Amino acid sequence: MIRIAFDHSYARDLPGAYEPTQPDTPLSPKLLYWNAALAAELGLDTANAGEAELAAVFSGAALPDGAQTIAQAYAGHQFGGLSPALGDGRAMLLGEVIDTAGQRRDIAFKGSGPTPFSRRGDGKAAVGPMLRELILGEAMQALGIPTTRALAVAATGETVHRERPLPGAVLTRVAASHLRVGTFQYFAIRGERDMLQKLADYTIARHYPQLAGADKRYLELLQAVSERQAELIARWMHAGFIHGVMNTDNMALSGETIDYGPCAFMDAHHPDTVFSSIDRNGRYAYSNQPAIAQWNLARLAETLLPLIAPDDPASAVPAATAAIEGFSERYREHWLAQARLKLGLIDAKEGDMELAEDWLTLLAAQGVDHTLAWRYLADAAEGRRAPLAALFPTPEELEPWLLQWLTRLAIKTRRAVDVAAAMRRHSPLYIPRNHLVEEALDAASERGDMDSTLKLLEALRDPFTEREGLQRYALPAAPEVAEGYRTFCGT
Ligand code: AMP
Ligand code: MG
């Protein structure tokens, strides 16, 4: 018997913020993936559990003792339009555990059947999108970018009907919490100020405990969430990660990346890159992500006004506005700090921002692979320019910038190998390339073959260290393959 020491602080502290629900019982669950490392981190006692038991528990067929399945309520701006009642339509929280580091983590199902919030949806998920969430989440984790993670993926043995019939799956998601901007919007729209305050206090206790009891804690909550988002989005941008559906219901107050729907990493660097088939206007394009994060934070700010200044919410507007405006500066600072690390710089100088921006402008103009360009820049620091130059259709265009950078780098006092090694710790070689992700998902979805997924995960587990035999995981797809790449929400 798998025992999990569940706690239920969300259910206990926030009645009215969820609906009880139950998972469907799948016909013939089969374990596709089990994240033993994450299970250990959570302190789960599953070492003696067999595959059949894990499959039963993490597909919803046999809930572990102490699980209390609830669907959380939330609203959300989707592509700019407000939906006052979304909620977990195909997800449910089982409960929380305190992990081995003392952190409270949610354990939730995704794809386990309809809930009171499902509207016309079936509450189900397909194998492909759940494995995409697994792969992208583990990649982000290994890159050091805060993220929710997959503990398990189980095939249900059922068919889910999308554009075509697909094999169904349940993903077990672990998150610092599932509190979102949309959770606050849900209560703000309803004018439930008491609930809003309870929610804000709960968020503070869980994610920003240093603010508990502070006089201006609701304003400081806004600033703190904004700070974490500034850092997170800066990390995404440097990784070339495009979330694809940055709706307010998909922005977590914990600062974790959440909801891996149509997300993808870009190959050739270009600010306008969009992969999602439903993002027709490029609202969530690569270069729009900081502005969208800020827009989402403004929506959070609106919900907090009555808490910041209960007697006269409008009087809180200037302070809240300042907090939101502060995001731009904080984002720039985080972005620049990370850019310096990637450029091999160990001090800060005027002009570094321009140097970094000019580099990316160059990559965009030449259609150069984002990941490899950064990675091979480390070789250039050691005097080997050929791999980098080979990425450029007209390598002469690279020369002036390279000279400028090498001058700034001034490797006189440092050994070139050390500079290069430091750079490689911030610019990965292995990212979840779209063609590799698709190949893995196809094999699993169409043939039940998890081999490609496991091999890809193995490469992504240590993205900064070049290893024998993994060359194909480092290379971009042929341009004609990468060209029309589209992702789908998988709903
Ligand atoms: P997402 O785009 O995945 O963030 O989902 C947006 C909203 O649609 C959330 O409220 C989801 O719970 C809901 N949703 C997505 N897919 C389904 C589905 N297959 N069945 C029911 N609800 C869904
Ligand atoms: Mg979502």
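Where does Gly 87 lie?

1. Gly 87 sits in the loop between strand 5 (81–83) and strand 6 (91–98). Helices (H or I, at least four residues) and strands (E, at least two) are DSSP runs, numbered from the N terminus.

2. The model is predicted: local features need pLDDT of at least 70, side-chain atom pairs count only at pLDDT 80 or more, and totals for chains, interfaces and linings use all residues. Residues are numbered from 1 along each chain as its sequence is written, and side-chain values use heavy atoms, with hydrogens and water left out.

3. An unreviewed UniProt entry places "binding site" at several residues, including Gly 87, Lys 110, Arg 173, Arg 180 and Asp 259. The annotated positions spread over 173 residues of sequence and up to 22.7 Å between C-alpha atoms. Such annotations may be inferred rather than shown by experiment.

4. Gly 87 is buried, at 6% relative accessible area. Buried means under 20%, exposed over 50%, partly exposed in between (1.4 Å probe, protein chains only). Beyond neighbours within four places in sequence, Gly 87 contacts Gln 72, Ala 73, Tyr 74 and Phe 117. Contact means heavy atoms within 4.5 Å.

5. Asp 259 belongs to the loop between strand 10 (241–242) and strand 11 (264–265). Asp 259 is buried too, at 16% relative accessibility. Setting aside neighbours within four places in sequence, its contacts are Lys 110, Arg 173, Arg 180, His 243 and Asn 250.

6. Asn 35 lies in the loop between strand 2 (30–34) and helix 2 (36–42). Asn 35 is buried, at 3% relative accessibility. Not counting residues up to four places away in sequence, Asn 35 touches Glu 138, Arg 149, Ala 150 and Leu 151.

Notes. Chains are lettered from A and ligands numbered from 1 in the order in which they are written.
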